[in-house]
Each structure stands twice: as C-alpha cells, then as structure tokens.
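Reader: I have a structure to look at and would like to go through it with you. Can we start with the ligand?

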Amino acid sequence: MANLYDGKMAAIFDAMYQTFIDYDQEYVFYNELIQENNCKSILEIGSGTGNLAKRFKENDQEYIGLDYSQSMIAIAQERNKKSLFIHGDMRDFELTTPVDAIIITGRSTSYLISNEDINNTFDSLYKNLNTQGVIIFDFIDANRFIPFIKQNQAILHEATYEGINYIRESHWKTTSLENFMLEWSAQYYTIVNDQKEIITEDLSTVRVFTLNEIELFLYLNNFEIIRTIDRKTYAYDTYVIMAKKKML
Ligand SMILES: C[S@@+](CC[C@H](N)C(=O)[O-])C[C@H]1O[C@@H](n2cnc3c(N)ncnc32)[C@H](O)[C@@H]1O
C-alpha cells in the first residue's frame, strides 16, 4: 500500500475525479445522513484531495480529514488551508478526542484487502467514536461488480478537467486471489491532437465485498446497522452503510 496515490498519481486522481464525482451532491448525500443523527464533529477517512473537506468547511462544520497518502494530503491542505488533515491509517489510528461521525467515502474501503484489515479498521472506528456516534461508509458490491468485469475486459473512463482530456483504461484480474480481491491495473492517458499519450500506469490490489460479508464484519465488531442504501456511484454500484455502536 506504500505507493498508493503518491506523487503524480495524486494530481491525476484529483483531476479525473472532479469529472467522475459531483462533490456538491456527494456532500449533500453524506451531510444529510450526518445531520439525521445530530452529529457535530466529523472525521472523514480517505479524505483524498479534500473535495468534501471544502464543502464541510464552507458550512462551518467541525471536520478533520485522515489519509494514508502524504501526496493526497498535500493537495487537500492546499485546497483547504484552514482545515486539519492527519496522516494516518484507518486500520490503526487514535484521535485526541472521539468524534460523532466517521465517514469513509469514494470506495476507500476497497483498499482493506484482508479480513484483518477490515476488523482492525472497524475496531479503530469503534474506539474513536462517541457513544452515540455513527459510521457511514460505502463499498463496491461484489455481486454486481464481478459479473461486470468478467464481461468487460477493458473498462474505459473518460474525464475532462481544466481543458485537458483524460482516459483511464482499467483491467481487472479476478483469478487466484482470496476474498474477492482483485488486481487492478490502470493506464492513464491524455488526449493530445486526437492521440492517446500515456501519462502513468498504476497497479493495485483492491477488494470488493458482498453485503452479507460487511454485515458480519460489523456484527463481529459490535456495530448495529441502522441504514443500508443501494447507491449507484460513478462507474460501479455500491452500498452505503450507516451503523452505530452497540453498547457492551
Ligand atoms: C479512491 S480515493 C477516494 C478519495 C476521496 N474520498 C474522494 O472520494 O475523492 C481513496 C483514498 O483512500 C486513501 N486510503 C487508502 N487506504 C487508506 C488507509 N489504510 N488509511 C487511510 N486512507 C487510506 C487513499 O490514499 C485515497 O486518498
């Protein structure tokens, strides 16, 4: 995971995802869930390049971002000079003060590839949440994703940002790995004079989940699900889960 979204990848991610995701809508979606539970303090894990942070800040909300990639944090901090971003790992972190809501957006859960990663993450979330607090996170639905990539050898995503046209070509390898883990190779191109020019290539291992698996992981880590939302997000279908701490 060491090189995840580092250096050039962080800038390319930032450019392309501005097209993929409508961050105004994304903010409204998550904020409504947060407000439903009267949560004041918010931690966003996988805060990326700070697009949601910007909306939370504009609305004067108590927000902290946490991300594993220093390069993503650098862009987020530049975009949100007054917000706090922590360099950390969702599998093992400790805030100075627990928060009311922890959100993990943009399918950042895909990087939790072993059962240990998931259990450690839910354990850390539990410890950093106030008694009445909630977690809200999304994940890619394995039951729809696996058939989709089996039928599509190469998946193209196009984006335009600040006048530059980008193409991402993704290839997914489903074989030989455990736990619905996948090898994802992505080639990133810009289009110059109608010609594809490669800018970088990225290889990562990611995981998709069945709803039932997530329900069991939450149960084992003492969370009670209060809402399950079937949500189409860019490119792949996801579920969004909202859960609260069970009192032990
Ligand atoms: C697909 S990006 C989503 C970023 C942002 N949520 C968005 O929607 O624009 C995934 C983010 O998760 C971060 N990430 C991956 N594994 C992590 C971990 N173990 N702890 C914290 N952040 C992690 C990556 O560095 C990256 O910024």
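Author: A nitrogen atom of the ligand lies 2.7 Å from a backbone N or O atom of G46, where a polar contact is a pair of N or O atoms within 3.5 Å. This is a predicted model, in which local features need pLDDT of at least 70, side-chain atom pairs count only at pLDDT 80 or more, and totals for chains, interfaces and linings use all residues. Residues are numbered from 1 along each chain as its sequence is written, and side-chain values use heavy atoms, with hydrogens and water left out.

Reader: OK, and what lies 2.6 Å from an oxygen atom of the ligand?

Author: An N or O atom in the side chain of D67. For D89, a polar side-chain atom is 2.9 Å from a nitrogen atom of the ligand.

Reader: How much of the ligand's accessible area does the protein cover?

Author: 98% of the 600 Å² that the ligand has on its own, by the Shrake-Rupley method with a 1.4 Å probe.

Reader: Which residues come nearest?

Author: Y23, G46, D67, D89 and M90, out of 20 residues around the ligand; a residue counts as near if one of its heavy atoms lies within 4 Å.

Reader: Different topic. What does UniProt annotate?

Author: The unreviewed entry gives "domain: Methyltransferase" for residues 42–133; such annotations may be inferred rather than shown by experiment.

Reader: How far apart are the end C-alpha atoms of that span?

Author: For residues 42–133, they lie 10 Å apart.

Definitions and conventions: A polar contact is a pair of N or O atoms within 3.5 Å; within protein, one must be able to donate a hydrogen and the other to accept it, and residues adjacent in sequence count only if both atoms are side-chain atoms. Helices (H or I, at least four residues) and strands (E, at least two) are DSSP runs, numbered from the N terminus.
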